[in-house]
Amino acid sequence: MLEIRNLHVSIGDRPILAGIDLDVKAGEVHAIMGPNGSGKSTLAQVLAGREGYAVTAGSVRYLDRDLVGQDLLALAPEQRARAGIFLAFQYPLEIPGVANVQLLRSALNSVRLQRGESELDAMDFLDTVKSKLALLDMDESFLYRAVNEGFSGGEKKRNEILQMAVLEPRLAILDETDSGLDIDALKTVAHGVNALKHPERAVILVTHYQRLLNYIVPDHVHVLAGGRIVRSGDAGLALELEDRGYGWLIPESGSLEEMRP
Amino acid sequence: MSQPEVSHPDARNAELRSRVADEYRWGFVTDIEQEVVPKGLSEAVIRLISAKKNEPDFMLEWRLQAYRHWLTLTEPTWSSVHHPAIDYQAIHYYAAPKSGSQPKDLSEVDPELLRTYEKLGIPLQEREALAGVAVDAVFDSVSVATTFKDKLESLGIIFCSFSEAVQKHPELVREYLGSVVPYTDNYFATLNSAVFTDGSFVYVPKGVRCPMELSTYFRINARNSGQFERTLIIADEGATVSYLEGCTAPMRDENQLHAAVVELVALKDARIKYSTVQNWYPGDAEGRGGIYNFVTKRGDCRGDRAHISWTQVETGSAITWKYPSCILRGDDSVGEFYSVALTNHRQQADTGTKMIHIGRNTRSTIVSKGISAGFGSNAYRGLVKVLPSAANARNHTQCDSLLMSDHCAAHTFPYIEVKNPSATVEHEATTSKIGDDQLFYLRSRGLSEEDAVNLIVNGFCKEVFKELPMEFAVEAQKLLAVSLEGAIG
Ligand SMILES: Nc1ncnc2c1ncn2[C@@H]1O[C@H](COP(=O)(O)OP(=O)(O)O)[C@@H](O)[C@H]1O
Ligand SMILES: [Mg+2]
């Protein structure tokens, strides 16, 4: 589904990612872990198409039916979204005055059009959204609040998952959706992600902690440090990191702000 | 803050109204087609205008007084707008549209303007009218026009051109003309008082709720009444009226200077809601051409519990200079001002409001949303004045600016004068730049960049749009989208 080869990314003239290789196949869940500042969000943002990062080498190919083998990096963010890529932001943005329901509807319709489906009318749309609210144990009042405005940290994260549930992406990238959540919220988020699991979909979980992985069991775990994937393994690797921290995996040159999760 | 309960016209109604309007337009044009007065301003010109319009003596006298006063004034320089000097002797103060300069068909019209009409979904026939094409089709709508007028007349509502009101209801004109904006008020209002040619007149009698939005008449009026319009709206005790000025398609216009005056009078328990969409030609991207729009709009809450609400969406004109205001004379009277002003390219806007609290327990609300794009410059200028008599007066002002580029500017000039210690006056102001992060967030949900910009801008304007009659609000959103095309950067 996703094939990242030797990806190098800089911000300004400072290299952040220094040769990432990653293969994500349909049906898989990948966890990307690593200390603060190791480049996890950078990777997530580059995959979603954020401008302001310089890709200095490497390639990212998205192997989905519409875009078989296409260079993902050449696409605008909205094209990637319409092709089924979704990023749950580590820091979701506030859009004052715009009701959540308005954004959800525009987003869903633009994605549906791309899939060759018709726009949903108001009634069908509301039905769809309400079933997702129920799945995530969210109150309907969420729909009529301005996007993320005045939301608590936990509400913002849940709102990202609501958007994901409505858009039903093929590749969902969750950037630290678990941080700042209490255990109940964490379970709800995990429930939302698990409900999305499908043999034709894939999930990349960027997380700092092992905790979330108790609820969403990954097929692969990767440790990002110093801009590289320094170790890959199965779910057991996450447990090992929980015990031993990241220190033993850090390349000598890597200077890190934080040695333990 | 609630709207007067006036019915939202359905689509059929809208169509009828536009046909009525077309009829009206033609009636009007033939009236003045022959008459062109030489350029320049003098007592002779004013006498001529008044004579052509067959005005009663009091009108001529009033115009002459205004003219004599105008001669003693100099053009104001206090606003933050800049423009080359206006040559007042180079203007035709009374002229039908110059037929030679009118396009014969749409192929002669600026393609940029046509593209905009297409985007706004304006019907073809209407596009021609807006673009000033000399259409000679006559619509079979005399009876429609009559039905429309009959309905209003049966309720005692007078809704006609200002000229007609002068002929048919001189006593009302005489009583109320200049009673809110005296001819001595300011340079442009004084000029208007001397030379105005036409505009709209509304009178709603005691206790009557006007059952429809009064609108399209003006759309057409505005096209032909030229640069010095005069509008007078009177809501008698307990009356309610909602008036829509302007239309949401940019109009081709040859007049550079527009100096209109609008006077609203709300008596005891009356309610007037006045909504404007102003989108005169803004000039091209380099700032050439475009209208100078210098308007004086004021409402007088003359009785207790009177309520006047101004809502405006300003996207046009090269220069806009306008401060719709409320005089809160009656006890418990309420004034509201909701404004969206957008400047793109080289446009300049200096707009805001004045709330003058005189009565006890008077309340005012100001919500101003300024959007600056390109090299546009946008200033909010507002005065809240609480006189010693205005015990327990309350004002809340919210003044927000949104910047779309690195070259545009936003300024806020709030003036507050409080002479009664029991008053509460609150002012909040924010300035934000449309963020790359916000845009990326929305685009990562599948929205195009253009849709993302529009969503953010509409969210920013929401508090104002919700005050507009529904039909108008939808059009206003479309208009903002068109005005902002390619504005990001
Ligand atoms: N906009 C930016 N400008 C400069 N440096 C940045 C920017 N964003 C991130 N960085 C730097 O890039 C490195 C990686 O950041 P990030 O991808 O957010 O790490 P993580 O998500 O793993 O904590 C950090 O050292 C961070 O300070
Ligand atoms: Mg991060």
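Okay, let's start with the surroundings of ligand 1: Ile11(A), Arg14(A), Ile16(A), Pro35(A), Asn36(A), Gly37(A), Ser38(A), Gly39(A), Lys40(A), Ser41(A) and Thr42(A). To be on that list, a residue needs a heavy atom within 4 Å of the ligand.

Quick housekeeping. This is a predicted model, where local features need pLDDT of at least 70 and side-chain atom pairs count only at pLDDT 80 or more, while totals for chains, interfaces and linings use all residues. Residues are numbered from 1 along each chain as its sequence is written, chains are lettered from A and ligands numbered from 1 in the order in which they are written, and side-chain values use heavy atoms, leaving out hydrogens and water.

Back to that shell. Its residues split into three nonpolar, six polar and two charged; in this scheme Ala, Val, Leu, Ile, Met, Phe, Trp, Tyr, Cys and Pro are nonpolar, Asp, Glu, Lys and Arg are charged, and the others, Gly among them, are polar. Helix 1 of chain A gives the largest share, three residues. Strand 2 (14-24) and helix 1 (40-48) of chain A each supply at least two. Helices (H or I, at least four residues) and strands (E, at least two) are DSSP runs, numbered from the N terminus.

Now look at Ser41(A). One of its polar backbone atoms sits 2.8 Å from an oxygen atom of ligand 1. Taken alone, the ligand exposes 560 Å², and the protein buries 63% of that (areas by the Shrake-Rupley method, 1.4 Å probe; for residues, only the protein chains shown count as cover).

Last stop, Phe86(A), in strand 6 (residues 85-88) of chain A. Is Phe86(A) buried or exposed? Buried, because its relative accessible area is 1%; buried means under 20%, exposed over 50%, partly exposed in between (1.4 Å probe, protein chains only). Leaving aside neighbours within four places in sequence, its contacts (heavy atoms within 4.5 Å) include Met164(A), Leu167(A), Ile173(A) and, from chain B, Arg445(B). Phe86(A) and Ile173(A) are 87 residues apart in sequence, yet 6.0 Å apart in space, C-alpha to C-alpha.

Technical notes: Polar contact = N/O pair within 3.5 Å; in protein donor to acceptor, adjacent residues only side chain to side chain.
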